[in-house]
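This briefing is meant to be read with the sequence and the structure open. Please keep both to hand while going through the points.

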Amino acid sequence: MSGERGHGDSQVKTGSKGSDTHKHKDKHKDKEYRHKDRKKDKERDKLKHNNSEHKDHAEKKNRDKERPKHTDGSYEKHGEKHREKDKDKDRRREDKVKSSQVAKPKKEKENGYVRDISPAAIKNEPEEDNGFCPSPQHNKASRRKSDEEEFVYKPKKIKTEHDKMSKKRKHECEEEEDDNDEEDIKPKKKKDKNVTEGKKSKKDEEKWKWWEEERYTDGSKWRFLGHKGPVFAPPYEPLPDKVKFYYDGKPMKLGAPAEEVATFFAKMLDHEYTTKDVFRKNFFKDWRKEMTSEEKSKITDLNKCNFTEMNEYFKAQSEARKQMSKEEKQKIKEENERILQEYGFCIMDNHKERIGNFRIEPPGLFRGRGDHPKMGMLKRRIRPEDIIINCSKDSKHPKPPPGTKWKEVRHDNKVTWLASWTENIQGSIKYIMLNPSSRIKGEKDWQKYETARRLKKCVDRIRTQYREDWKSKEMRIRQRAVALYFIDKLALRAGNEKEEGETADTVGCCSLRVEHINLYPKLDDQEFVVEFDFLGKDSIRYYNKIPVEKRVFKNLQLFLENKQPGDDLFDRLNTSILNKHLQELMDGLTAKVFRTYNASITLQQQLKELSCSDDSLPAKILSYNRANRAVAILCNHQRAPPKTFEKSMQNLQTKIDEKQKQLSAARKQLKGAKAEHKASHDDKSKKAVEVKRKAVQRIEEQLMKLQVQATDREENKQIALGTSKLNYLDPRISVAWCKKFGIPIEKIYNKTQREKFAWAIDMAEKDFEF
DNA sequence: AAAGCCACTTAGCATCTCTATT
DNA sequence: AATAGAGATGCTAAGTGGCTTT
């Protein structure tokens, strides 16, 4: 099946297709046509299907796009706007938090199931009682019963596990000290325990089997959350005086703020980013904002700026870092370890958990992916005043650095983040969250695969239905059905709408435009071929030619009628309409579930097909990688060929060439030996023939190995296996496969991955079926 | 219904670190 | 011991999708 799904031609990674800018310009023109088109569309719909009462979605879409977009993307403005909004938001937030703290007997959805939360259950957890280390009994009341229908692997003996756990927890909980089982809240004493026994408690924590415990049913994510807050970027260190910046050929000393921003640019001088017009324009604009009025009046042309000395200085610095002695390096390592130990963990409920990103992003120049309109803008430095801290009331609140304040300290246990701030480029919120190995991430991950497995049970029905819908009288239903077909068959992303001009021009299924597909009634020896060519997430190109069913093809032709290249292919559809529909087909179903489902089921099928119990271990692992690769191709997970790819490929090729020479030499010798043997017919020459024959064979094998390695590497040149492994493949499939074929799990998952998938490694048996 | 906000997952690239090779 | 190359980890951008506000 991988063959069927594999994308036709080789995929070329393009940050920006040559014609892109063109297309963009054309779009405006295109839009003007759209109004007319829409009228036609409507008429067409009415003619063909007299009952169409549909709202004209396209009309709204167009209006959006015609909205005047602000030409000034200045981040000051942005900042201002956001600050204003923030106040408002904050007020609302407060209300929300307050109200959420009041127990509401309400139906909550979790794991795709709607459950009744009894007020009594919530009453058990009064606000004040967010015990630091709640007793298991206490905890149990708020944790939900494990779901039989949903989880095949039901925790055994919940009760005993739980009770055992309660004892264990007491030891794990760093600030908890009493051995007494009965009481929940304990005064803290062993403050230093963690420092001295850090390793031990970490080790213990790795063994915590959260998957054998019950989960919260009330939508809350934790009862207790305590942490030390984020680590800020180190302050700017001005350059030594000898490192000069030149303007118009003359040295010029910059003030610290302008100098700092200049260093950001100087550090990137080797990158092709700095040659791009948009990047330079954005950078220069933001840089000028950091200048004193004097600097501003002097520095008016980026082309007259010479950063090379700064650039060389940084290169020398990084060189010096590499040349540091062992001891120095060790010292830095230790310091990093100390920071990790201090800030890298939090206590969530009764467990010490690893934080994912506890360092605040340092200031720098924004590097968008692909053709990003905001590339080069200044990403400003984040101060404590920008940070919202989230923790539980009864925890020791993190202290802001001396002389500073947090923006806010909040106690919202309906979310998982520990700290957040608003970033100034897009005005979006960034979060500090837990590591993938944490309970909170793991539960969600597990749940994701369970949803995908539920889809497996009803996917046939859904497929039958959308095929039926291809014949619908209503345009919107046909579009929905065709889009769903693409999402299912090609594992396309949903394709939310994006604000034009704010981000790179990329699309997913629902946002495909006419210009992104080509229809071929006949192509080579295939009928009804659709050619896709568009930039998806991260501006990764999706290029694929696939034959589709006639009805799909005819529908696509219909959708294309009277449209311009820049028009939406599915003008009556968006992700929210699609997901609403999917929700009706299956509880918890959204477009992205299809990607998870198809990825996982493909792995399972491929593993079944490819692996052979007689194979050697490396051969089995090769099969696994091949199966993994099939998924990566399906999901279009690409990577830039590694920088050293050509070189290492060349090295390999020289090795192959050498081997080939060796081989022909060996063959010649064999021939000679044979001839000699023919002439003399003696034993000695016969032996010589055998020896030579063996040599040839050995070299042939070596050559073969090298060639396989080369093919393998070549095949993987532009394919990234990691993303699917980490995000789309139910780890239980891999675990089961390992068990079945006696393969150590370490061959498939490295340490980090084993931590993330600990739940799967613990629970999946060799007969696990996705 | 659209727009906006928010929280969270998914993504590829850069850099660091370990390991095999010379 | 030095070095290259591979693999692991870190970083942060860019998606999805739910919910709220307009």
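The points below cover the annotated regions, the surface around the DNA strand, and a few individual residues.

The model is a predicted one. An unreviewed UniProt entry places the feature "domain: DNA topoisomerase I eukaryotic-type" at residues 365-742, and the feature "active site" in an unreviewed entry is placed by UniProt at Tyr-728. DNA strand C has 30 protein residues around it.

**Annotated regions**

- Residues 365-742, the span of the UniProt domain feature, are 51% helix and 11% strand.
- UniProt, in an unreviewed entry, gives residues 315-342 as a "coiled-coil region". In the model, residues 315-342 are 93% helix and 0% strand, with 31 Å between the end C-alpha atoms.

**Contacts with DNA strand C**

- Of the residues around DNA strand C, Arg-369, Lys-430, Gly-495, Asn-651 and Thr-752 come nearest.
- By class, the protein surface near DNA strand C has 14 charged, twelve polar and four nonpolar residues.
- Sugar or phosphate accounts for 88% of the atoms of DNA strand C within 4 Å of the protein, and bases account for the rest.
- An N or O atom in the side chain of Lys-430 is 2.2 Å from a phosphate oxygen of DNA strand C.
- For Thr-506, an N or O atom of the side chain is 2.8 Å from a phosphate oxygen of DNA strand C.
- Asp-538 approaches through its backbone: a backbone N or O atom lies 3.1 Å from a phosphate oxygen of DNA strand C.

**Tyr-728, the annotated active site**

- Tyr-728 sits in the loop between helix 22 (722-727) and helix 23 (731-741).
- Tyr-728 has a relative accessible area of 15% and therefore counts as buried, since the cut-off is under 20%.
- Beyond its neighbours up to four places away in sequence, Tyr-728 touches Tyr-449, Arg-595, Thr-596, Ala-599, Ser-600, His-637 and Thr-723.
- With Arg-595 there is also a polar contact, side chain to side chain, at 2.9 Å.

- Tyr-749 is in the loop between helix 23 and helix 24 (751-756).
- The relative accessible area of Tyr-749 is 1%, so this residue is buried.
- Leaving out neighbours within four places in sequence, the contacts of Tyr-749 are Tyr-624, Lys-725, Pro-731, Ser-734, Val-735, Arg-754 and Phe-757.
- One of these contacts, Ser-734, is 15 residues from Tyr-749 in sequence, with 9.1 Å between the two C-alpha atoms.

- Ser-438 lies in the loop between strand 16 (429-432) and helix 14 (439-469).
- Ser-438 is buried because its relative accessibility is 0%.
- The side chain of Ser-438 reaches the backbone oxygen of Asn-435 at 2.6 Å.
- With neighbours within four places in sequence set aside, Ser-438 is in contact with Trp-210 and Glu-353.

- Strand 9 (residues 345-348) and strand 10 (residues 351-354) run antiparallel and are joined by four bridges.
- Phe-345 has Arg-354 in strand 10 as its bridge partner.
- Two residues stand between the strands of this hairpin, and Asp-349 takes a positive phi near 50°.

How values were computed: Residues numbered from 1 in each chain as written. Chains lettered and ligands numbered in written order. Predicted model: local features only at pLDDT ≥ 70, side-chain atom pairs only at ≥ 80, totals over all residues. Heavy atoms only, no water. Near = heavy atom within 4 Å. Polar contact = N/O pair within 3.5 Å; in protein donor to acceptor, adjacent residues only side chain to side chain. Nonpolar A, V, L, I, M, F, W, Y, C, P; charged D, E, K, R; others polar. UniProt positions renumbered as here; feature names shortened; annotations may be inferred. Buried < 20%, exposed > 50% of the residue type's maximum accessible area, 1.4 Å probe, protein only. Contact = heavy atoms within 4.5 Å. Pairing = 2+ DSSP bridges.
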